[in-house]
Amino acid sequence: MCPQFPSPDAHSSFPAFSSSSSSSFSSSSDRRINALVRHLDSSAMDPNNNSSISASPTSAHANSVFAHVVRAPEDPILGVTVAYNKDPSPAKLNLGVGAYRTEEGKPLVLNVVRKAEQLLVNDRSRVKEYLPIVGLADFNKLSAKLILGADSPPIQENRITTVQCLSGTGSLRVGGEFLAKHYHERTIYIPQPTWGNHTKVFTLAGLSVKSYRYYDPATRGLNFQGLLEDLRSAPAGAIVLLHACAHNPTGVDPTLEQWEQIRQLVRSRGLLPFFDSAYQGFASGSLDADAESVRRFAADGGECLIAQSYAKNMGLYGERVGALSIVCKTADVASKVESQVKLVIRPMYSNPPIHGASIVSTILKDRDLFNEWTIELKAMADRIISMRHQLFESLRAKGTPGDWSHIIKQIGMFTFTGLNSEQVAFMTKEYHIYMTSDGRISMAGLSSRTVPHLTEAIHAAVTRVA
């Protein structure tokens, strides 16, 4: 019920004005206001009057205190979509964004995700209370099990700590800040090239970033010898960032035999592996196959860090769902590590959001939903693999100069085409095809309908632009 205020004539505390008194009051008020304006004008013009009113630095008519701020360039990856959105051409094609698209070019929400969300909505016992600093307990346990396997020694021996983070990026940042505060070596080696955000994330976390050789432009494959040489010369104890599978941006992964050599070298040199797992199940279609590199390291008794993301494999891009796991030597150490990770998270974002993690845990702990997810996940991976073969065959049929077999040898969401920045710019200008300047294209953004258009553009770029 709204509060009842008395009318002016209901109580003597509110004076009632007649029309004549109202007019007199208005006239008197106008005279006072005019006098005040004249006084302020004269005061402002008097240089000896210290009480004169000056403009505030933040007033509407003064220069902004932020006027010196320089406009930042667009993010090299996200900026591609900005440019794409401004292009009015009906033939435009966005191959820059790292998000799955259907054959019709539309974003996809997995059926199993919709089912999980409906279950959550129907559960009237659910509340919107804050999560603990480390996040949703079920989500953390299930995430560790997904990446390491249920029979993993660290899980069985309780010497792993897992915390929910803001997708893969947040997991990397939290892990980086923990290492900067509590690890004796503050240098991290990242592959060259790597995801464009890695350098910024680790630098701002307080680590010194260096690189090791990874991609060979001549073969458009792995520079394995260069990789081994650089890791062998890294200082003992240095941190090494490793892409668990579907290397971004190249799509080039080591073989299992090469992974074993990398593991032996990392352990013999006392290096600390930090895995970025953004594409588990999304690369090959198999959750286990895509986690094999991580599981080899976790099973050998050594320590490591793992950043997980559910953006790609569950299509939860905007939910920002991820996890950071730290495998330790003992359960006691793992417990102490978690206590310090919480001190990193608390002032950063306090605690993570509940909805996306609830979707993931609902799917992972239900056998039927989990099986349905693996089917949908494999369907996405298979469509991407199909696009690789279609593009390769189309370029070969067109007679486009060069060897394009790397398209079908690479794996995962991205292909490193080998196109240079001038060729990329040509394709954008003449064919309205958008990609990052290094020639990386998202195979998930292609469809059977757009493969011919991309083929024409690549052929023209290769034959007309050096």
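Predicted model: local features only at pLDDT ≥ 70, side-chain atom pairs only at ≥ 80, totals over all residues.
In helix 6, the residues Arg 173, Val 174, Glu 177, Phe 178, Lys 181 and His 182 meet a set from helix 12 made up of Val 337, Gln 340, Val 341, Val 344, Ile 345, Met 348 and Tyr 349. Helix 6 covers residues 167-182 and helix 12 covers residues 331-349; the two pack with their axes 10 Å apart and at an angle of about 120°. Helix 6 and helix 12 are therefore oblique to each other, and helix 6 passes helix 12 in a right-handed crossing.

Helix 6 also holds a residue worth a look for its backbone. Ser 167 is found in this helix, and its phi is near 60°, a positive value in a residue other than glycine. Most residues other than glycine have a negative phi. With a relative accessible area of 3%, Ser 167 is buried, because buried means under 20%.

Helix 16 and helix 17 pack with their axes 9 Å apart, at an angle of about 130°, which makes helix 16 oblique to helix 17. The contact draws on Gln 423, Phe 426, Met 427 and Tyr 431 from helix 16, while helix 17 contributes His 453, Leu 454, Glu 456, Ala 457, Ile 458, Ala 460, Ala 461, Val 462 and Arg 464. The crossing of helix 16 and helix 17 is right-handed. In the loop between helix 16 and strand 12 (433-434) lies His 432, which has a positive phi of about 60° although it is not a glycine. His 432 has a relative accessible area of 25% and is partly exposed.

Domain 1 (77-108 + 380-464) and domain 2 (130-365) each supply at least three residues of the core.

Leaving aside residues up to four places away in sequence, Trp 373 touches Leu 110, Val 112, Leu 146, Leu 287, Asn 313, Met 314, Ile 363 and Leu 364.

Two proline positions complete the backbone picture. Most peptide bonds are trans. The bond from Gln 192 to Pro 193, however, is cis, with omega near 5°; Pro 193 sits in the loop between strand 3 (187-192) and helix 7 (198-205). The peptide bond from Asn 248 to Pro 249 is also cis, with omega near 20°. Pro 249 has its place in the loop between strand 7 (239-243) and helix 9 (256-268).

For the protein chain as a whole, the secondary structure comes to 17 helices and 13 strands. The chain has 466 residues, of which 47% are buried. Among contacts in the chain with a separation of 6 or more, 76% are between residues 24 or more positions apart.

Key. Residues numbered from 1 in each chain as written. Heavy atoms only, no water. Domains from an automatic or database assignment. Contact = heavy atoms within 4.5 Å. Axes fitted to C-alpha atoms, helices over the stretch in contact; angles between N-to-C directions. Helix = DSSP H or I, 4+ residues; strand = E, 2+ residues; numbered from the N terminus. Parallel < 35°, antiparallel > 145°, perpendicular 65-115°, else oblique. Left-handed = near helix turned anticlockwise from the far one by under 90°. Buried < 20%, exposed > 50% of the residue type's maximum accessible area, 1.4 Å probe, protein only.
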